[in-house]
Structure formats: structure tokens, C-alpha cells
Amino acid sequence: MLDGFGRKIDYLRISVTDRCNFRCQYCMSENMTFMPKSELLTLEEITLIAERFIGHGVKKIRLTGGEPLVRRDMSDVIQRLGRKVNSGELEELTLTTNGSLLSEYADHLAAHHVRRINVSMDTLDPDKFSEITRGASVEQVLVGIAAAKEAGIKVKINMVALRGFNQESLMPMAEYCATQGHDLTVIETMPLGDVGADRKLEHIPAEEFIAPLSDNYELRSIAHKSAGPARYMSVEPLGLRLGLITPLSNNFCDNCNRLRLTTDGKIFMCLGHNAHVDLRAAVRNEGIEAVDRLLQKALKLKPLRHEFNAQLDGSAEILERHMNVTGG
């Protein structure tokens with residue numbers, strides 16, 4: 001699949017639920033109103049839509065949320081899509097999770113061909129972790145990560161950079177990841193949804209955020225590439241692979257290869273735009289064949305770049321939808 005700018009689209013991110021057992025301050029408001037379950041895609045609809053995208057050239061699928069593992073039929077979702085990896089139709093099935101339920105799911109993920117996962121964890125400090133998540137336990141996440149490692153799943157830690165909050169947590173996080181054999185990715189905040197905070201105040205460029213690492217170790221750019229937008233470097237002699245996702249300070253849109261399927265069945269062509277096509281309505285009213293027509297429309301509507309910088313400085317309206325609806 002090629003979009004209107006000639007970019008190859010082979011990566012689909014599926015948000016299977018907007019619900020989460022955390023309330024991370026940069027992701028959602030404290031008192032979120034979630035979608036009625038009737039509006040969410042069913043297990044069968046997720047599978048059918050995914051199969052259609054695979055048929056059109058999607059090679060990698062990432063399951064996201066919210067917290068994907070809180071969905072009651074998530075075991076079935078993983079099993080059905082895992083079969084596509086086993087058959088060779090799909091190259092990779094991955095997951096982004098807050099890690100709190102990994103102790104329960106790690107073996108199931110491994111058994112159904114999930115070989116690597118991303119775990120969102122912004123600090124190892126128990127008090128700071130409880131503050132940013134509004135009450136969650138970092139120990140529960142660490143136990144879950146250990147279970148995933150034991151099951152043979154490669155873990156990458158995603159750390160959102162927050163000015164004045166967790167920069168001092170970077171060194172302990174980097175050393176923990178290096179010791180445990182996990183990759184670490186630092187992610188800049190993105191202005192999505194009203195979370196009751198000033199987005200401009202909390203934003204810090206990734207290069208500034210990683211200054212403590214630069215001061216203590218040698219950082220070297222490396223050619224490693226994943227399905228996502230991160231650029232990578234090695235941190236020596238620590239032996240850490242560090243990724244940077246920099247939507248504001250170092251735009252990566254020229255190489256965008258992904259579409260996003262939301263929990264209510266909309267395809268968003270860009271995380272930073274409101275343009276979308278509604279697959280749920282089409283599938284329920286016209287049948288699965290309607291996906292083909294709307295997919296071509298989506299590719300034509302995919303914008304060249306996001307507008308996060310304009311949204312952050314106030315020259316463009318911040319998007320109303322929260323991160324948990326679209327998936328990161």
C-alpha cells in the first residue's frame with residue numbers, strides 16, 4: 001500500500017480498548033468517561049479488519065489501548081492474530097502495555113508468537129510512579145516485566161519525557177534496562193486531549209532530557225531500525241540501546257509507515273490529525289468488503305505531517321481525543 005506521498009504503509013496499530021487500570025496524567029484525565037462497550041469493535045470485527053489489512057500488505061500489527069490486557073477477550077484476540085504470524089501472513093505481532101497484567105499474560109503472549117513488547121514505565125521511583133499514574137504500583141509492573149523476560153519475550157521500556165518530573169529518573173532507568181537486557185526509548189509528550197495540565201510546561205525535547213546520559217556515557221548513533229519512528233543510539237560502556245521518539249523536536253513524518261485503528265473502528269491516518277474513515281459503520285452496514293474502498297480513501301487522506309508543534313504553541317487547536325482512544 002502506498003499513500004499519496006509514495007510512502008509504503010505496512011504497519012497497523014490496533015487500539016483494542018480505551019479502558020485502562022492506570023490514569024497516567026499525560027494520557028487521560030483523572031475522571032475519564034469511557035465508550036459504551038457496544039461502540040467497541042468486537043473480537044470478530046477486529047480479526048476480519050486485520051485480515052483485510054494483511055491482505056493489502058500490512059506486515060506488522062501492534063495491539064494497544066488504553067491498556068489492551070484489560071479487555072476480557074484479549075486472550076482470543078492474541079490467539080487469532082498470532083495464527084497469522086504462525087502461517088507467515090504476518091511478520092510480527094507486538095503489544096504496548098503498562099505491564100501491570102503481564103504476570104497473568106506473559107506465557108499466553110509467548111505461546112501465540114508475540115516475541116517482543118513495549119512496556120510504558122516513566123520512573124522506577126515508587127512515589128513518583130504512583131503520582132504520574134494516579135495510584136499504580138511500580139513493583140507490580142516490575143514483576144510483570146520479569147515474567148515476560150522469563151517467557152522469552154524481548155522487552156523495551158517506553159519512558160515519556162516530562163519536564164521537571166522524571167529527568168532525574170533517567171539514569172536509574174537506563175542502568176536498570178542495561179542490567180536486565182531491555183532496550184529503552186525516550187518519548188516526547190504529544191498534545192492530545194484535555195488532561196488538566198499545561199502541555200507546553202511539561203514538554204522537554206528528548207535531546208535535552210537525555211543530557212544526564214550524555215554527561216556520563218558515550219552516545220553513538222547506530223543503524224538499528226524498528227517498525228516505529230524511533231532513531232537509535234548505543235550508550236557505552238553501559239551497553240544500552242537507546243531509542244528517541246521526537247515528534248516535536250525532530251520530525252520523522254517523511255518515513256511514516258503506519259495507520260491506526262481505534263477501539264471504535266475508525267482509521268486515523270495520523271496521530272496528530274482528526275481526519276479519519278469509519279470502518280465500524282461500514283463493516284456493520286455494508287459488510288467486510290467495504291474495508292477495501294475505505295482503505296484506499298484513507299491512503300489518499302493521509303497527511304504529509306502532523307501539527308503537534310502548532311498545537312503546542314497555540315496556533316492550532318489541540319485535538320479533543322485522548323491518547324487512550326487512538327493508541328500511542
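Contact here means heavy atoms within 4.5 Å. Axes are lines fitted to C-alpha atoms, for helices over the stretch in contact, and angles run from 0 to 180 degrees between N-to-C directions. Helices (H or I, at least four residues) and strands (E, at least two) are DSSP runs, numbered from the N terminus.

The model is predicted: local features need pLDDT of at least 70, side-chain atom pairs count only at pLDDT 80 or more, and totals for chains, interfaces and linings use all residues. Residues are numbered from 1 along each chain as its sequence is written, and side-chain values use heavy atoms, leaving out hydrogens and water.

**Stop 1: α10.** Select residues 279-286. This helix lies across β10 (258-261), β11 (266-268) and β12, at about 25° to β12.

**Stop 2: the sheet.** Now show the strands. Twelve of them form an open sheet with mixed pairing, in the order β7-β8-β9-β6-β5-β4-β3-β2-β1-β10-β11-β12. From one strand to the next, the twist averages 25°.

Stop 3: Select β8, residues 231-236. Four bridges join β8 to β7, and the two run antiparallel. Find Glu-218: opposite stands Glu-236 in β8.

**Stop 4: α5.** Select residues 138-150. Buried here (under 20% relative accessible area, 1.4 Å probe, protein chains only) are Val-138, Val-141, Gly-144, Ile-145 and Ala-148. They share one side of α5, because their arc around the axis is only 120°, taken from the directions from the helix axis to the C-beta atoms. Their cover includes β4 (114-120) and α6 (170-180). After α5, click Gly-152: its phi is positive, near 90°.

Terms used
The expected span of a helix is 1.5 Å times one less than its number of residues. Buried means under 20% relative accessible area, exposed over 50%, partly exposed in between (1.4 Å probe, protein chains only). Two strands pair if DSSP finds at least two bridges between them.
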